[in-house]
Amino acid sequence: MIRDMRNQLRPLFDRVVIKELDPDRVRRSGLLVPQGSDEPPPQHGIVLAVGPGLDWWDHVGISMPVRPGDHVVFPASAGSWVEVEEERLLVCRVGELLGVLERIEECPACGGRPLAPQESCPVCGREGSIA
């Protein structure tokens, strides 16, 4: 009996494996690139796998800042594109990532609660509105 064997890319050291999101889906995220910009817009993707980090990180208390399932933003020049099981994936160092897109409800400071007028969250940048 022959089983379907699938391969999975396991990143080494401080690298992450990212599946790029469809550009149509990216537009709904709200990030905009100014018109006339010569620089390609940032790319979006979902982290599929995360390496263990660098060996000296344990000694200073550093851990990987992303985990599988995180929605990340990265520059067009980041990492290397590889094809695994007919799927195009990005492998890059975690330091090349620009950031993680998080839901406002997940903000560690305000938790997505309604903000009072003149109040702003120092972490997510939301501001209270005058209703």
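Reader: Which residue in the hairpin of E4 and E5 takes a positive phi?

Author: Glu-85 does, with phi near 55 degrees, in a hairpin that has two residues between the strands. Strands here (E, at least two residues) and helices (H or I, at least four) are DSSP runs, numbered from the N terminus. Please keep in mind that this is a predicted model, where local features need pLDDT of at least 70, side-chain atom pairs count only at pLDDT 80 or more, and totals for chains, interfaces and linings use all residues. Residues are numbered from 1 along each chain as its sequence is written, and side-chain values use heavy atoms, with hydrogens and water left out.

Reader: In what sense do strand E4 and strand E5 pair?

Author: Two strands pair if DSSP finds at least two bridges between them. Strand E4 (residues 80-84) and strand E5 (residues 87-93) are joined in the antiparallel sense by five bridges. Within this pairing, Ser-80 stands opposite Val-91 in E5.

Reader: How many helices and strands are there in the protein chain?

Author: Two helices and six strands. Their order from the N terminus is β-α-β-α-β-β-β-β.

Reader: Does Asp-14 count as buried or exposed, and why?

Author: Buried means under 20% relative accessible area, exposed over 50%, and partly exposed in between (1.4 Å probe, protein chains only). Asp-14 counts as buried because its relative accessibility is 8%. You will find Asp-14 in the segment before strand E1 (15-20). Across the protein chain, buried residues make up 24% of the 131 residues.

Reader: Which residues does Asp-14 touch?

Author: A contact means heavy atoms within 4.5 Å. Leaving aside residues up to four places away in sequence, Asp-14 touches Gly-53, Leu-54, Trp-57, Met-64, Cys-92, Arg-93 and Val-94. For the protein chain, 57% of the contacts with a separation of 6 or more are between residues 24 or more positions apart.

Reader: How many disulfides does the count come to?

Author: The rule asks for a pair of cysteine sulfur atoms within 2.5 Å, and the count comes to zero disulfides. As for individual cysteines, Cys-110 counts as buried because its relative accessibility is 8%. Cys-121 is also buried, with a relative accessible area of 6%.

Reader: Where does Trp-56 lie, in terms of strand E2 and helix H2?

Author: Trp-56 lies in the loop between strand E2 (43-50) and helix H2 (57-60). Trp-56 counts as partly exposed because its relative accessibility is 44%.
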